[in-house]
Amino acid sequence: MKNFKDKVVIVTGASSGIGEAMAREFAAQGARVVLGARSVQKLQLIAGEIRSQGGQAAYCGVDVTNVDECRRLIETAVNEFGGIDVLVCNAGLSMRAIFDDVMDVNFWGTVNCCKFALPYLQRSRGSIVGISSVAGLHGLPGRTGYSASKYAMTGFLETLRIENLKKGLHVMIACP
């Protein structure tokens, strides 16, 4: 199945876990994948494996809390592949981290990447996928910071969807 043939897909948090699995699957379906994460060595390895299997992959070291690095991630996709069709905001911190850090990565990381990708996604009538959590829909005891960050992310993406309905932008929020 090649549903994403020649689509340009950016995945943040692509050096492990859900992000890595999504990047590999998008590539297997024919997408041109741009992997973003802090661990450049892991990104190099994953991108190399995707290429060795006939896929197309680029990577960019990015800390999503850094606005300039988010801009560079988006520019990498545009420079390497000519645009963006899908942005997957997957980078995140778990429930057991310092409140400010969780908000910076989970919420502001999503905002930072969307800010620079939005013009390209509007042009391509593309998609934003936010990997949130059930904690972004229902508060979880002992997880105040995490729930707050995921609620903020969910609210941001829902509003982005409404504001861009007539522009053809698709926004999906996944809450595993």
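Predicted model: local features only at pLDDT ≥ 70, side-chain atom pairs only at ≥ 80, totals over all residues.
On to the overall layout. Five helices and six strands make up the elements of the protein chain, and they run β-α-β-α-β-α-β-α-β-α-β from the N terminus on. Both kinds of element are DSSP runs numbered from the N terminus (helices: H or I, at least four residues; strands: E, at least two). The C-alpha trace spans about 45 × 40 × 35 Å along its principal axes. Of the 176 residues, 49% are buried, with buried meaning under 20% relative accessible area, exposed over 50%, and partly exposed in between (1.4 Å probe, protein chains only). Among contacts with a separation of 6 or more, 65% join residues 24 or more positions apart; a contact here means heavy atoms within 4.5 Å.

As for the surface, the protein chain exposes about 8600 Å², and 53% of that comes from carbon and sulfur atoms. These areas come from the Shrake-Rupley method with a 1.4 Å probe, and for residues only the protein chains shown count as cover. There are 19 positive and 15 negative side chains, with the centres of the two sets 6 Å apart. Lys and Arg count as positive and Asp and Glu as negative, leaving out His and the chain ends; each charge is placed at NZ of Lys, CZ of Arg, CG of Asp or CD of Glu.

Helix α3 (residues 67-81) has 15 residues and should span 21 Å at 1.5 Å a residue, which agrees with the 21 Å between its end C-alpha atoms. The expected span is 1.5 Å times one less than the number of residues. The buried residues of α3 are C70, L73, I74, T76, A77, V78 and F81, and their cover includes β1 (8-12), β2 (32-37), β3 (56-61) and α4 (99-124).

Helix α5 (residues 144-163), with 20 residues, reaches 28 Å from its first C-alpha to its last, close to the 28 Å expected. Its buried residues are G145, Y146, S147, S149, K150, M153, T154, L157 and L160; β4 (86-89), α4, β5 and β6 (170-174) are among the elements covering them. M153, at 1% relative accessibility, counts as buried. Neighbours within four places in sequence aside, M153 is in contact with C89, N106, F107, T110, G130, I131 and S132.

Finally, the backbone has a couple of residues worth a look. D6, in the segment before β1, has a positive phi, near 65 degrees, in a residue other than glycine. At 39% relative accessibility, D6 counts as partly exposed. R125, in the loop between α4 and β5 (127-131), is not a glycine either, yet its phi is positive at about 55 degrees. With 54% relative accessibility, R125 counts as exposed.

Terms used. Residues numbered from 1 in each chain as written. Heavy atoms only, no water.
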